[in-house]
There are 2 protein chains.
Amino acid sequence: MQDMKEYYLQKAEENTPPLFYETVKSTKAVEIVEDKNAFFGCSAFDCGEIPAVVKTGDKFVVDFGRHCVGRVSLHVWDNGRYIDAPVRLKLRFGEVPYELYRDNASYHGSLCASWLMEDIINIDRIGKVELPRRYSFRYLEVTVLATPRPTRLYDFEVVCETSADVSKLVPLPAGTDPELVAIDRVAAATLRDCMQSAYEDGPKRDRRLWSGDLRLQALTDHVLFGNDMLARRCLYLFAACRRDGKYLPGCLYQYPEFSFDNGMEIPDYSMLYCTSIADYYEKTGDTETLTDLFPVVKNEIGIAIDTLDENGIATLPEGGWPGFIDWAPGLERVTAVHGAYLYSLENVIPLAEAMGETALAEKWKQVLAAGRAAAMKHLFDAESGAFINTYEKQQQEVADAVVPQSAVREAGSRGQLSVQSQVWMVLGGVLAGEAGVQALKMALADPKSVKPVTPYMHHYLVEAWVKLGRMDEALAHIKAYWGAMVRYGADTFWEVFVDGKSEVSAYNDPLMHSFCHAWSCSPSYFIRKYFVK
Amino acid sequence: MQDMKEYYLQKAEENTPPLFYETVKSTKAVEIVEDKNAFFGCSAFDCGEIPAVVKTGDKFVVDFGRHCVGRVSLHVWDNGRYIDAPVRLKLRFGEVPYELYRDNASYHGSLCASWLMEDIINIDRIGKVELPRRYSFRYLEVTVLATPRPTRLYDFEVVCETSADVSKLVPLPAGTDPELVAIDRVAAATLRDCMQSAYEDGPKRDRRLWSGDLRLQALTDHVLFGNDMLARRCLYLFAACRRDGKYLPGCLYQYPEFSFDNGMEIPDYSMLYCTSIADYYEKTGDTETLTDLFPVVKNEIGIAIDTLDENGIATLPEGGWPGFIDWAPGLERVTAVHGAYLYSLENVIPLAEAMGETALAEKWKQVLAAGRAAAMKHLFDAESGAFINTYEKQQQEVADAVVPQSAVREAGSRGQLSVQSQVWMVLGGVLAGEAGVQALKMALADPKSVKPVTPYMHHYLVEAWVKLGRMDEALAHIKAYWGAMVRYGADTFWEVFVDGKSEVSAYNDPLMHSFCHAWSCSPSYFIRKYFVK
């Protein structure tokens, strides 16, 4: 197995994409002030040019006019050819104005405060100052902590980095609905800035490669930038994590060396990794890569089948994550994870056939049919016509122990009605046609149901509408959900978004959110595949 | 003249010395606590090894066991192969424990706070972290501002830089007074750490090249490391600053390019630059360099002669510095500057002779004799047998306007008695023999007199004793003054030191002091030239 790991890493290395660089300069200053109409209660207003000369205590915010991921430089000049004493600056970076409107000291979230992009630098010599880190931002707040005399800070510049070749981006046809054009533009910027040497989750903070996010990025990349090489690299990187009897880790690290964490198994993410291979093969017909990766598909699907419970329902791994599905607090996940299993099983059957493993394909077809039947028998609530997570309280307790969140199951209710469960039962082929539409509509309409909070889960909601043939609903949802972020001024799509509820956070404080988050990029996939000619 | 400037810079470039590197590692922690017996009221006490694991909020101080000037690195490890979130550290550096005992926020001095060595860094990846700046320190305080989980910080290392070849340092003979051995060791460490691509003033803060300091460093370097190349480079750098009718600037900058400030003329420093050329020629017999630099000597000495007042007494330049001499508050400088002029004039006469300019040499001899006579006539106070700065109130007012300091002239007194004036009248050859001894002793003994505060001025006090043939007094003063710093635990000699008065500062706060200051290194020169066999 070690040999295969080295082989997979070698293939990943060979598929490292080149980076493209673009320089963005700015002399524009903004002031970030309270704005009750803005989603986060604040907005950036133009206030002309950045100050020509600054002194100790001065503060200003440079607006680069677009979301940037890259290296920052500036020039320092001291009215002479030398600097009398170092210039000490505090730098804070914001993808959105809110990050600079808030005082970092007020952060009270669950992730480490060091993710909040803040540096203090000392400049010893005049001339160009190149900051060593990569930042993800549009706004740069500069506070002059100490300067020996009034000083010029100028030539603020970002050399943006991406593995997306933006020259390959085909404009939408003339006459396309401007709302879709706007959504597509923001989605493309989101993906562009998450495309580095791997599909990063979010360049601000979570710079690792997650398999669930990989799937949406690769789908969207194919219709935007066509960087199949990057998709291939990421598939090989995960293949190098393969272990007997244990799902893939949900994420991995490239730096300082390839690594991943034991205990990061996420069953639905493993299933979607298998679907990503199916997506890739469907688009490319690349049999060589499929041949390399199919053993991993067999391993992951095999684990899912082997760990079905006595009723044929998916189980959540003990110790690892209880499935991801979405960040909605208190979400009960067994039904949705089972749906993701069925969905992927259906997707990988053609791979077995392409590999000539007809017996395996036949077996998987039988297992798929059995899994769907088991879902109808054990998970479906005939009385309500929906999946309300009444099954297997014990499994849910395992889940709560790992990701403790306030339970949202209503006291006295028979179960938890969630949009997530209906979506995944539709995608898993358990509920189809009008029954699927009704279950989905009921869950969406019920004010007490659990609803998606992440663009990631909203993707699968749109995908469910598409699968049900309800293209109007799919399009309307894209415009309502991603369109709202555009109307709130998003340059890139956010990690978490619930309209009207800016306080919703996966980390107990939206200050920590990534506002350029890869799993939010998929509207371009739907728009370009289904909604333009 | 521009051609000569380029030529001088070219020669300076050719004489850039190689740097030598030495790696210093430490795992030792100290605690810095109040200590009423210590000069600054605090001391560093061993507290074993640095912590094996740190968490957010932890703080510790690494003791490198010696004064270091160089690049710092450390390793970060996160109990895994990746870092979950950046590790944010605050780093403060101290040459002496006092700098870390004080809170930087309490700094109230006159120089820019950015000189206080403090950085906040964010570490994105595990492994070796190399800090980009050069620091000057023995103690490194590390505060863990944020870490996602308990983390190891280890392999703290400094790659020390110096242009001193310490292998050339000849040990003092066996049997040398241990007190002198200790003073010589600290002096050598001081010079070593100030020797970079030029003689730096102080590597902590004032990294420029000052001509007055250059003189003491070059003298001492010759007996310790013999790096005449560095002395030559520095002499050429100043030569490139030569201007018609205007003294050399007191200091210059090498980075980012050669530059200096108009308005930084310091008459005594210009004179001592000329003496440095005499020192250099005396040691090396390097006629080529003398030939290059003698035009600068003529220029500087010429300006001094041209600007003598109607009584033949040196004047302080308007607008520039009023002479340096020493940082003693309220010091009246005309007499001392006149002494420095006479001293240098005497020193450069042999240069004119070596250059075959016998007419000039004769002229300078006459001017020297006239200058000494003028000093006796206009500056000497026969009643007290000393120089008490009664001359030319107007000139002093010019000085006070530029360096305003509380006047220390006693109300009702006839003048200001200072050690500085007596020293420079002795060195200028105005007062010799028993008269010189008496004037010096009187100024030293008088509780109301102005006394030296810098090791730089103390050097010239020792030199005056030597000139007067009072070797016992010279040696006793070295032991009393520099010896006291050694007894207070100095690893390197300090910029300012007045025993028992830790509050004395040139910048209104000793926190800003450089504690490894080049002008303090000269005891080794005296010890090795006069006090060992």
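This is a predicted model: local features need pLDDT of at least 70, side-chain atom pairs count only at pLDDT 80 or more; totals for chains, interfaces and linings use all residues.

User: How many residues of chain B are in contact with chain A?

Analyst: There are 30 residues of chain B in contact with 30 residues of chain A.

User: Which elements give two or more residues to that side of chain B?

Analyst: They are strand S5 (87-94), strand S6 (118-123) and strand S7 (127-146) of chain B. S7(B) gives the most, with 4 residues.

User: And what classes of residue are on that side of chain B?

Analyst: The side of chain B that touches chain A has 16 nonpolar, 6 polar and 8 charged residues.

User: What rotation superposes chain B on chain A?

Analyst: A rotation of 180° does so, with 0.0 Å of shift along its axis and an RMSD of 0.0 Å. That is the relation of a two-fold axis.

User: Which residue of chain B comes closest to the rotation axis?

Analyst: B:Ile120 does, with its C-alpha at 2.7 Å from the axis.

User: Let us change topic. How is chain A divided?

Analyst: Chain A has domain 1, covering 27-161, and domain 2, covering 166-531. Taken over C-alpha atoms, the centres of these two domains of chain A are separated by 36 Å.

User: How many residues are in contact between domain 1 and domain 2 of chain A?

Analyst: In chain A, 21 residues of domain 1 are in contact with 18 residues of domain 2. On the domain 1 side, strand S4 (59-77) and strand S7 (127-146) of chain A each supply at least two residues. The largest share of that side, 3 residues, comes from S4(A).

User: What is the make-up of that side by class?

Analyst: The residues of domain 1 of chain A that form the side touching domain 2 divide into 10 nonpolar, 5 polar and 6 charged.

User: One last topic, the largest nonpolar core. Which residues touch the most other members?

Analyst: That core has 346 residues, and A:Cys234, B:Cys234 and B:Val348 touch the most other members.

User: What does A:Cys234 touch?

Analyst: Leaving aside residues up to four places away in sequence, A:Cys234 touches A:Ala198, A:Tyr199, A:Leu209 and A:Leu214.

How values were computed
Residues are numbered from 1 along each chain as its sequence is written. Chains are lettered from A and ligands numbered from 1 in the order in which they are written. A nonpolar core is a set of buried Ala, Val, Leu, Ile, Met, Phe, Trp, Tyr and Cys residues joined through C-beta atoms within 7 Å. A residue is buried if 20 or more other C-beta atoms lie within 10 Å of its own, exposed if 12 or fewer, and partly exposed in between; C-beta atoms are placed from the backbone. Two residues are in contact if their C-beta atoms, placed from the backbone, lie within 7 Å. Domain bounds come from an automatic or database domain assignment. Ala, Val, Leu, Ile, Met, Phe, Trp, Tyr, Cys and Pro count as nonpolar, Asp, Glu, Lys and Arg as charged, and the others, Gly among them, as polar. Copies are superposed by least squares on the C-alpha atoms of residues with pLDDT of at least 70 in both.
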